[in-house]
Each structure stands twice: as structure tokens, then as C-alpha cells.
Amino acid sequence: MAGLLAARALVESYDKVTVVERDLPLAHGEARRGVPQGKHAHLLLARGKQLLEQMFPGITDELVAGGAVAFPVLEQFRSQVIGRDVRRGHVGEFVSMTRPFLESHVRQRMQVRGVTFLDGHDAVGLAATDGRVTGARVDDGHGERVLDADLVVDALGRGARNAAWLAELGYPAPPTDELHVDIGYSSRLLRTPHDALGPDKAMLIGPKPGLSRAMALFKVEGDSRWLLTLVGYADHPPTDDEGFMDFARTVVPDETFAMLKESEPLSEIRRFRFPTSRRRRYDKLRSFPEGLLVAGDAICSFNPIYGQGMSVAAMQAEALRRTLAGGDHDLARRYFRAVARLVAPVWRLAVQADLAIPEIQAPRPLSFRLTNAYVERLQRATSLDEAAASRFFRVTSLVDPPSRLFGPAMAWHALRTHK
Ligand SMILES: Cc1cc2nc3c(=O)[nH]c(=O)nc-3n(C[C@H](O)[C@H](O)[C@H](O)COP(=O)(O)OP(=O)(O)OC[C@H]3O[C@@H](n4cnc5c(N)ncnc54)[C@H](O)[C@@H]3O)c2cc1C
């Protein structure tokens, strides 16, 4: 996704953009091998949706026409935060769909003049002359060749080997922030006998004191299809039928569980283990080769439970477009600074929430404990007050900056909230 969105930014400044992808395209709706997370619930936050619409005007309507499910957030969206039901309100519209469905539509919109897709090509390294990157080395299974380029953007995801490639060119690896979260996902596509949640189109239940488990149930494209994702910190949801349902029973409300039992499984139960959130600080490097940039999870891969990754990839693509519009002098430094500025508050938001989970082993400084007590009050306020719920969700949807949580309106909600 980061690669596709970076390509969207690049076509505005370059005549020719080549998207290199190791996988071959699959039939509509299937998750590719290179994106195993595509089998799990993927929520496009409001900020990501706004940016996608900006990049590809009309794409929301297209997605909905293709079967994606649009609904007003908090109105047709049941959610629980720290064990309390969030008040209904109006924050904007969500569009629910599977990740492969979204990706295939974005890719379709990138079939434009000047963009070439090289599928089935493995990016195996960089080509460089005198410390400047001059292209990418790719292998289609029959041998390696060099694709010459004025600019290479590494959007190879969380497993990107960029640090090793930099070392080969004599450059240092970026300093890295990590938080071990040890989160496990198990997901299954279901067909429900009737509209599973009445008028609601999605349900999200977050961890609560005493139970570090969570779940997402989203209506997705296709006839009566729902994607159920179960999540656990340290104790991961099982992948056998009985264990999966036993786990679900501990998280979902009784009436929803009864409906799940009546549902028809449309897929196997698929698992994903995500050990560590990771942010690579390219902005802190003193030297970096010309002709190379990095994007997406290769820069920052967040605990997926907050659904931030694709939206941040879109924010980075927007930063790339703006940086390129300002000329190509000192490109890497300007781009990585812009990216660091947008990633930092999102990273802090996620880490702050993670440190509230007792299973996560990490030091908790006093500043965290004070902020956490405040944020917990805000979370309680979301169950009591519609305005508090809307304001809180605008921040977690990345529409408003996290600093808004500490503004006068939210402080007022926190002050008025009792246990
Ligand atoms: C379980 C899980 C759930 C998630 N849920 C959400 C969510 O709800 N909302 C959200 O916004 N984000 C979510 N994310 C994060 C989201 O998937 C990513 O942040 C987003 O896809 C951006 O990542 P990316 O494009 O950088 O990397 P990826 O999506 O991993 O894509 C990397 C691409 O590079 C290709 N590739 C890799 N190596 C090579 C190579 N050597 N040569 C050629 N091609 C290569 C891969 O095939 C793939 O197509 C979730 C992540 C996980 C793990």
C-alpha cells in the first residue's frame, strides 16, 4: 500500500514510475503471500480515507459501488473502550472492506500513463555509483538486472532489508525505537444468517482491565460477509474451531456470540503474530545516499490494533508529494524530517496506549503514568458524553492531532468524569 501511494506521489514529478512487486497479482479478493496481514481486519481510518479521496477523487464511491460498506462512525459502529460502551455520535464515515479489496482498487487507479508494474520481480538490492543510488537490482527468477532510476523508494514493508543495503554502500543503519508488544491475531471470514449486528456495520472491543484481549467484527464486501478478528496480548487466540470460539466467548457480548455460533465459516482461521512495534529514525542519520528514500512500514510499523499503518502510509505519500514539489535539493533530509514530524505523534499515541497493557514489558516513566491516568478519564468520558466520544475518535482516527486530547475541551471532559 505504501508503494502504491508513493507511486501516486511520484507520478506528479517523474515521467516514468516503475512499481516492483515480488508477488504475482491474485484473483480479486485474495490476500497475497507478501501481505499476509491482508487476511485480518483492516480498518481505513478517517484520515486515510480523506487522503485516499484526495489522491484518487471518487474512489470512496467506487469502493462502495464495488461492495464496500460505508457507514457513519459511532452511529452504526458499536465500540467498547476499557470495558465501557462508547456513546453514539457522529464523527464521519467509515468504509469497511477487506484489505485485498482496497488494495486492488488503489492499484487499478494507478494504471495510468507513465506507471509500469513489474510483478513477480524480487528487489534484491541497490545499484550505486560513488555513494549515490542509481537504481534497484531486481530478479524475476531468471536472473538479476539493474533498473536504472533517478530515485528509488524502498516500500518493501516491515521486513525491508534497507539497513543491510545501506551498510553495503558504507552508510550507517538508522537508530531504531522498538516496543515489544507480542500481539497475536486470529481471523475468519463468516457468512451470517441475518444482519449480524442489527443496523450496525462494525463492532470493535478493546482490551479492558483484567482482560488484554480484543476483537473486531466488520461487515465487508460480498453477500452477508463479515470478518471476525480476535486479538490477544501475550495469550494469542487459537486457530482451531473450538479454541477460537472459546476465545471469542470471553470478548464478545452474549448476543453477538450467539450469532457467531450460527454463522457459516467462509475461510480457515488464519493467524498473525506481531512481536514488536518498530520506528526507524532515518531523520537522525547524518549521512544518507542521494537517490534513495524509504516509505511505509519500512520506516514505522505500528502495533496493528490501532489501525494506523495504511493511513500513515498515505500521510507519508502526501509528505513525499509536497517535498518533491519543493525541488529535489537535499531531498532525503527534507523528506525524512517531514515524515518524522507526522509519525512522531502517531507513534506516541500507540505507545501510550500499549503501555497501559500490563502484559507489555517495558519501563513506565512517571510522565507516562500521569498521562495514562488522564487518558483513562477521557476513555471513561467517551461512554458518558457524545461530544467526548466524538472528539476522542477524531484523534484516534488521526483526523485531529493527539495534542487535541490535552486541549481545554477534552480537559473539561476529564475533569467532569468520575469512576
Ligand atoms: C495483522 C495486521 C493488521 C493490520 N491492520 C491494519 C488496519 O486495520 N489498518 C491499517 O491502516 N493498517 C493495518 N495494518 C498495517 C498495514 O498492513 C501496513 O501498515 C500497510 O500495509 C503499509 O505497509 P507497507 O505498504 O509499507 O508494507 P506491506 O503492506 O507489507 O507491503 C509490502 C509490499 O512489498 C512487497 N515486497 C516485500 N519484499 C519485496 C521484495 N524484496 N521485492 C519486491 N517486493 C517486495 C510485498 O509483497 C508487499 O506487496 C495491519 C498490519 C498487520 C500486521
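Which residue takes a positive phi in the hairpin of S8 and S9? Some notes on that and on the ligand site follow.

1. The hairpin. Keep in mind that this is a predicted model. The residue in question is Gly141, with a positive phi near 95°. The hairpin that holds Gly141 has four residues between its strands, S8 and S9.

2. How the two strands pair. S8 covers residues 132-139 and runs antiparallel to S9, with five bridges joining them.

3. S8 and S9 belong to an open sheet of three strands, in the order S7-S8-S9, and the pairing is antiparallel. S7 and S9 (144-148) are the edge strands, each pairing on one side only. On average, neighbouring strands here are turned by 35° against each other, with direction ignored.

4. Who surrounds the ligand. There are 29 residues around the ligand, and the closest are Glu21, Leu43, Arg99, Asp297 and Met310. Sorted by class, the shell has twelve nonpolar, ten polar and seven charged residues.

5. Met310 uses a backbone N or O atom, at 2.7 Å from a ligand oxygen. Arg32 brings a polar side-chain atom to 3.0 Å from a ligand oxygen, and Gln37 has a polar side-chain atom at 3.1 Å from one. As for cover, the ligand on its own has 1000 Å² of accessible area, and the protein covers 93% of that.

6. Which elements build the shell. Strand S7 (122-129) and helix H8 (309-325) are the elements that give two or more residues to the shell. H8 supplies the largest share, three residues.

7. What the record says. An unreviewed UniProt entry carries the annotation "domain: FAD-binding" for residues 41-325. In the model, that span is 25% helix and 35% strand, and its end C-alpha atoms lie 35 Å apart.

How values were computed
Residues are numbered from 1 along each chain as its sequence is written. This is a predicted model: local features need pLDDT of at least 70, side-chain atom pairs count only at pLDDT 80 or more; totals for chains, interfaces and linings use all residues. Side-chain values use heavy atoms; hydrogens and water are left out. A residue is near a molecule or strand if one of its heavy atoms lies within 4 Å of it. A polar contact is a pair of N or O atoms within 3.5 Å; within protein, one must be able to donate a hydrogen and the other to accept it, and residues adjacent in sequence count only if both atoms are side-chain atoms. Accessible areas come from the Shrake-Rupley method with a 1.4 Å probe; for residues, only the protein chains shown count as cover. Ala, Val, Leu, Ile, Met, Phe, Trp, Tyr, Cys and Pro count as nonpolar, Asp, Glu, Lys and Arg as charged, and the others, Gly among them, as polar. UniProt positions are given in the numbering used here, feature names are shortened, and annotations may be inferred rather than shown by experiment. Two strands pair if DSSP finds at least two bridges between them. Axes are lines fitted to C-alpha atoms, for helices over the stretch in contact, and angles run from 0 to 180 degrees between N-to-C directions.
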